[in-house]
Amino acid sequence: MDVFTAVAERRSVKKFDPAHRLTEDEIRRLMEAAVLSPTSFNLQNWRFVLVVDQDRKERLREIGWRQAQFAEASLIVLVCGDRKAHARDPERYWRHAPEATRAGIVAAIVGAYEGREDRQHDEVLRSGGMAAQTLMLAARAMGYDTCPMVGFDFAAAAELVNLPPDHEIVMALAVGKRREDPRPRGGQLPLEEVVIRERFPDA
C-alpha cells in the first residue's frame, strides 16, 4: 500500500473482530517494521510488550475503563521505553561504525543522558510515539486497523506485565481486524491554522 494511502486510511478503530487472530509471521512483520523507527543516537530505547493471551487482555480491559478494544483486538502492543538504554552497553548501537566514530558517539550518548532523568523520560516518549506511528501505518498497509490508547491504569498495567522499574509505558496499541467502520473524521483544522512559515507572527 502506498504510504499516503496508509496515512489517509489509518483510523482509530473501536470495534474489532474478537475471533480474528494474527499469525506469528504477521506479528513478526509488524515488529520488524517497528524497530526501523528512528531514535536519538540510535538508542533503540523502545520496548514492545505483545499481549495475545485472552485472560491478560481481559485484565487490561478491566484496568482500561472497560474499553472493548483491549479484549477484542487480536493483539495489544504496550509500547514502552527503557530510560536507561543509554547505559546498557551503548557501543552495541554503533557496532558497525568505525572505532573512532563509535567512541565519539558513545561519549556523546553518555553525556546527553547520564544523570538527566528528565531527558531520559522525554526520549522514551519521543521514541515510543514514533514507533507507535510506524506500527499503525504498517498495520494499515497489511490490511489491519489499530487504536492508540492511554485510557488505562498505567501502574496496574506495568504490574500486569512485570515492567522493570527503569522502564515506562508510553501507550497501548490495539491491533486487529475491524468489525465495523469508524465514524467519519471529526474535522481536520485548515492547514493555514496549523502550518506556520518560518516563525509565528507577532502577537
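The chain contains eight helices and four strands, where helices (H or I, at least four residues) and strands (E, at least two) are DSSP runs numbered from the N terminus. The model is a predicted one, in which local features need pLDDT of at least 70 and side-chain atom pairs count only at pLDDT 80 or more, whereas totals for chains, interfaces and linings use all residues. Residues are numbered from 1 along each chain as its sequence is written, and side-chain values use heavy atoms, with hydrogens and water left out.

Read along the sequence, the elements follow the pattern α-α-β-α-α-β-α-α-β-α-β-α, and the C-alpha trace spans about 55 × 50 × 35 Å along its principal axes. Of the 203 residues, 41% count as buried; buried means under 20% relative accessible area, exposed means over 50%, and partly exposed lies in between (1.4 Å probe, protein chains only). Among contacts (heavy atoms within 4.5 Å) between residues at least 6 apart in sequence, 79% join residues at least 24 apart.

In helix H2 (residues 24-34), the residues Ile27, Leu30, Met31 and Ala34 are buried. Seen down the axis of H2, these buried residues fall within an arc of 95°, so they line one face of the helix; the arc is that of the directions from the helix axis to the C-beta atoms. On the other side of H2, Asp25, Arg28 and Arg29 are exposed. The cover over the buried residues of H2 includes strand E1 (46-51), strand E2 (75-82), helix H6 (117-141) and strand E4.

A nonpolar core is a set of buried Ala, Val, Leu, Ile, Met, Phe, Trp, Tyr and Cys residues joined through side-chain atoms within 4.5 Å. In the largest such core, which has 22 residues, Leu30, Phe48, Val77, Val79, Leu135 and Val175 touch the most other members. The elements that give two or more residues to this core are H2, E1, E2, H6 and E4, and H6 gives the most, with seven residues. Leu30 touches Leu22, Leu75, Leu135, Ala138, Ala139, Met142 and Val175, when residues up to four places away in sequence are not counted. A second, separate core of 21 residues includes Ile63, Phe70, Ala156 and Ala172.

Four of the five residues of strand E3 (residues 145-149) are buried, so this strand is largely enclosed by the rest of the structure. E3 pairs with strand E4 (residues 167-176) in the antiparallel sense over five bridges, where pairing requires that DSSP finds at least two bridges between two strands. Within this pairing, Cys147 has Ala174 of E4 as its bridge partner.
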